[in-house]
Amino acid sequence: LEVSMEEFGGQGPRNGFDGVETTFAVTQAIETGGKRHKRSQVASMEKKLAQWDYEMTRLGVIKQTRQAFAEVLGVQQQITLIHSQIRLAEQLLGTVNRRVEAGKDSPSEAAKAQIEFDHTQMDYKQAISDLASAKRHLVVLWGAATLDVELIDEPGDIDVDLPPLAQ
């Protein structure tokens with residue numbers, strides 16, 4: 001919509017707005033060469049691209065969450081194995097100490113067993129730290145404040161519910 005005024009502010013009988021000429025016009029662009037159809041196609045393609053971008057992001061989040069979940073499971077299993085190693089190292093240390101006291105082994109063997117025991121305990125502490133880190137990463141991906149479970153069970157198939165893309 002367009003409005004224009006002419007011939008105002010003159011002298012004599014056309015003084016002020018008495019002789020004003022007002023023109024009202026309605027304009028609309030007439031697109032030629034199929035521009036409207038092409039613009040509609042571009043918009044449709046941009047919508048499909050946005051849908052694909054969303055789907056790629058959604059699948060990426062699912063992949064990262066599964067990897068983080070697997071990391072937590074792996075570290076938990078590592079801790080279980082280290083527990084077994086600690087028990088074995090403890091038994092070995094006791095056996096070696098008894099053999100040293102009986103004079104069957106040298107004190108250096110007891111020192112070696114003690115070093116192995118200490119090394120296994122350090123591995124355990126590192127694995128506990130790794131588990132806390134893996135859980136924090138999983139919590140971030142889930143969008144939760146904390147992970148409310150001590151141990152995570154192997155789920156078989158992890159279902160992650162993300163909102164569907166609105167059509």
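Modeller: Helices and strands here are DSSP runs, numbered from the N terminus. This is a predicted model. Read along the sequence, its pattern is β-β-α-α.

Biologist: How many helices and strands does the chain have?

Modeller: Two helices and two strands.

Biologist: What is the mean pLDDT of the chain?

Modeller: The mean is 83, and 79% of the residues reach 70 or more. Residues 156–160 fall below 50. That stretch has five contacts in the model beyond near neighbours in sequence.

Biologist: How are two packed helices described?

Modeller: By the angle between their axes and the distance between the axes. Take α1, residues 35–101, and α2, residues 107–142. Their axes come within 8 Å and cross at roughly 165°. Angles over 145 degrees count as roughly antiparallel, and α1 and α2 are therefore roughly antiparallel to each other. The crossing of α1 past α2 is left-handed.

Biologist: Which residues make up the contact of α1 with α2, by class?

Modeller: They divide into 23 nonpolar, eleven polar and six charged.

Biologist: Where is Ser106 found?

Modeller: In the loop between α1 and α2. Its C-alpha atom lies 9.1 Å from that of Val96, ten residues away along the chain.

Biologist: Is Ser106 buried or partly exposed?

Modeller: Buried means under 20% relative accessible area, and exposed means over 50%. Ser106 has 34%, so Ser106 is partly exposed.

Biologist: What share of the chain counts as buried?

Modeller: Of the 167 residues, 17%. As for contacts with a separation of 6 or more, 61% are between residues 24 or more positions apart.

Definitions and conventions:
Residues numbered from 1 in each chain as written. Predicted model: local features only at pLDDT ≥ 70, side-chain atom pairs only at ≥ 80, totals over all residues. Heavy atoms only, no water. Axes fitted to C-alpha atoms, helices over the stretch in contact; angles between N-to-C directions. Helix = DSSP H or I, 4+ residues; strand = E, 2+ residues; numbered from the N terminus. Parallel < 35°, antiparallel > 145°, perpendicular 65-115°, else oblique. Left-handed = near helix turned anticlockwise from the far one by under 90°. Nonpolar A, V, L, I, M, F, W, Y, C, P; charged D, E, K, R; others polar. pLDDT = per-residue confidence, 0-100. Contact = heavy atoms within 4.5 Å. Buried < 20%, exposed > 50% of the residue type's maximum accessible area, 1.4 Å probe, protein only.
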